[in-house]
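Q: I am new to reading protein structures and would like to go through one feature by feature. Could we begin with the words we need?

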Amino acid sequence: MNIHEYQAKELFRQYGVKTLNGILALNSNEAANACKELSGKIWVVKAQIHAGGRGKGGGIVLCRSVDEVYEAANNIIGSKLVTPQTTTEGVNVSKVYVEEGCNIAKEFYLGIVLDREKELPVIMASTEGGIEIEEVASKNPEKILKVYVDPVTGLGDWQARKIAFGLGLEGKQIKSCMGFMKNLYNLFVDLDCSIVEINPLVVTTADEIVALDAKINFDSSALFRHADIEQLRDQEEEEPLEVRATEVGLNYIKLGGEIGCMVNGAGLAMATMDIIKLHDGEPANFLDVGGGADSKQVAEGFRIILSDPNVKAIFVNIFGGIMRCDFIAEGIIAAAKEIKLDVPVIVRLAGTNVGIGKKMLAESGLDLITADDMNDGAIKAIEAMGRKK
């Protein structure tokens, strides 16, 4: 689960992670009035959306007068912001964060994520602040410093110093950075975060370490432990079909292709999308119905896939283990009776009760295309759209 920058910075402050003061504004008048409560003569107006790269899309504006703040907020609020992390259509901006400016001496990148291979939290730092970390990793990987933390012992002083030295900090900056790092790591662990990212982290001319930006992503599986965090969720920033899928217990992510995918198991779902790409197709979604879905959930999965107007074919790829093939067949039949399946449906079933499932589909009277395996299914899905390999 993602949250907005202003929400993340409030959590930062609760953990003693230094940020600049800021005020949320829902319109240009509120933005202008915020200047009266904030110190300084420079302010930054920031679009609040769940996507990075806002500056490149014109969503972050430096202002030197109240009139400029008003104008910036007026231009941003209600607009569609396009960034490197949004679609070409952009996303609606409904609010901005007006923040005090500061005198920046240096900019850095700082992030904490979970390294799933090593099964440890890893702190990543770079002197290349303000640049997307993916770009740094691609062009200058040697400029990324990584420190792995044992969750049993926590972040040690020596590790925090290593980061400070690696960033080239000096004097009292080092001690400030160590305290900053420890507080940030505590937040990451306590709140079950999957990502905490600051880009840029800055050193001011007064030698203060300040989080100029803030991004937090939470492990959705751990939200049952954090009712207060779950209340920060902004469903208006989420894809409506993904919200709908979550409500019925399905794992769905909308993509930009034309072949809808219904699969059981995340690994098989990824492999299904890969094999579609291998044959020059484009998956329209990731949809994992899981191992315990019933026929009603399967039917709802079809409705969600077909709610995407870009879908021109559906590839159902099920390996029946816990999820039995007859359940999938029952869901397909139920969906066909309730909604109009006006696109080709390609079905590959294997595993538990596959014979029963195939028999149910064969006797249903539905116009289905059967596939022998994944490769066959991907090819037939593309051919069904009239796009032969």
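Predicted model: local features only at pLDDT ≥ 70, side-chain atom pairs only at ≥ 80, totals over all residues.

Q: How many helices and strands does the protein have?
A: There are 13 helices and 18 strands. The C-alpha atoms fill a box of roughly 75 × 50 × 40 Å along the principal axes.

Q: Is alanine 125 buried or exposed?
A: The general idea is a cut-off: a residue is called buried under 20% relative accessible area and exposed over 50%. Alanine 125 has a relative accessible area of 1%, so alanine 125 is buried. For the protein as a whole, buried residues make up 48% of the 389 residues.

Q: Which residues does alanine 125 touch?
A: A contact means heavy atoms within 4.5 Å. Leaving aside residues up to four places away in sequence, alanine 125 touches Tyr109, Leu110, Lys143, Ile144, Leu145, Ile163 and Leu167. Aspartate 326 gives us another distance to read: its C-alpha is 51 Å from that of alanine 125, and the two are 201 residues apart in sequence.

Q: What share of the contacts join residues at least 24 apart?
A: Among contacts between residues at least 6 apart in sequence, that share is 69%.

Q: How many aromatic pairs are found in the whole structure?
A: A pair of aromatic rings is described by the distance of the centres and the angle of the planes. The search of the whole structure finds 1 such pair. The ring centres of tyrosine 6 and tyrosine 97 are 6.4 Å apart and their planes are at 35 degrees, so the pair counts as tilted. The pair links distant parts of the chain, with tyrosine 6 in helix 1 (residues 5–14) and tyrosine 97 in strand 6 (residues 96–100), 91 residues apart. Tyrosine 6 and tyrosine 97 are both buried.

Q: Which charged residues lie over a ring?
A: Here we look at a charged end and the centre of a ring. The charged end of lysine 118 sits over the ring of tyrosine 148, at 5.2 Å from the ring centre. Arginine 324 lies over the face of phenylalanine 327, with 4.4 Å to the ring centre.

Q: What about charges across the whole protein?
A: The protein has 41 positive and 56 negative charges, and the mean positions of the two sets are 2 Å apart.

Q: What should I look for in the backbone?
A: Most residues other than glycine have a negative phi, and most peptide bonds are trans. Keep that in mind for the next cases. Glutamate 119 is not a glycine, yet its phi is positive, about 60 degrees. Glutamate 119 is placed in the loop between strand 7 (104–115) and strand 8, and with a relative accessible area of 64% it is exposed. Aspartate 207 also has a positive phi, of about 65 degrees, without being a glycine. Aspartate 207 is in the loop between strand 10 and strand 11 (209–211), and its relative accessible area of 29% makes it partly exposed.

Q: Where is there a cis peptide bond?
A: Look between asparagine 199 and proline 200, where omega is about 15 degrees. Proline 200 belongs to strand 10, residues 193–204.

Methods. Residues numbered from 1 in each chain as written. Heavy atoms only, no water. Helix = DSSP H or I, 4+ residues; strand = E, 2+ residues; numbered from the N terminus. Buried < 20%, exposed > 50% of the residue type's maximum accessible area, 1.4 Å probe, protein only. Lys, Arg positive; Asp, Glu negative; His and termini not counted. Charge placed at Lys NZ, Arg CZ, Asp CG, Glu CD. Phe/Tyr/Trp six-rings, centres within 6.5 Å; stacked < 30°, edge-to-face > 60°. Lys NZ or Arg CZ within 6 Å of the ring centre and 35° of its normal.
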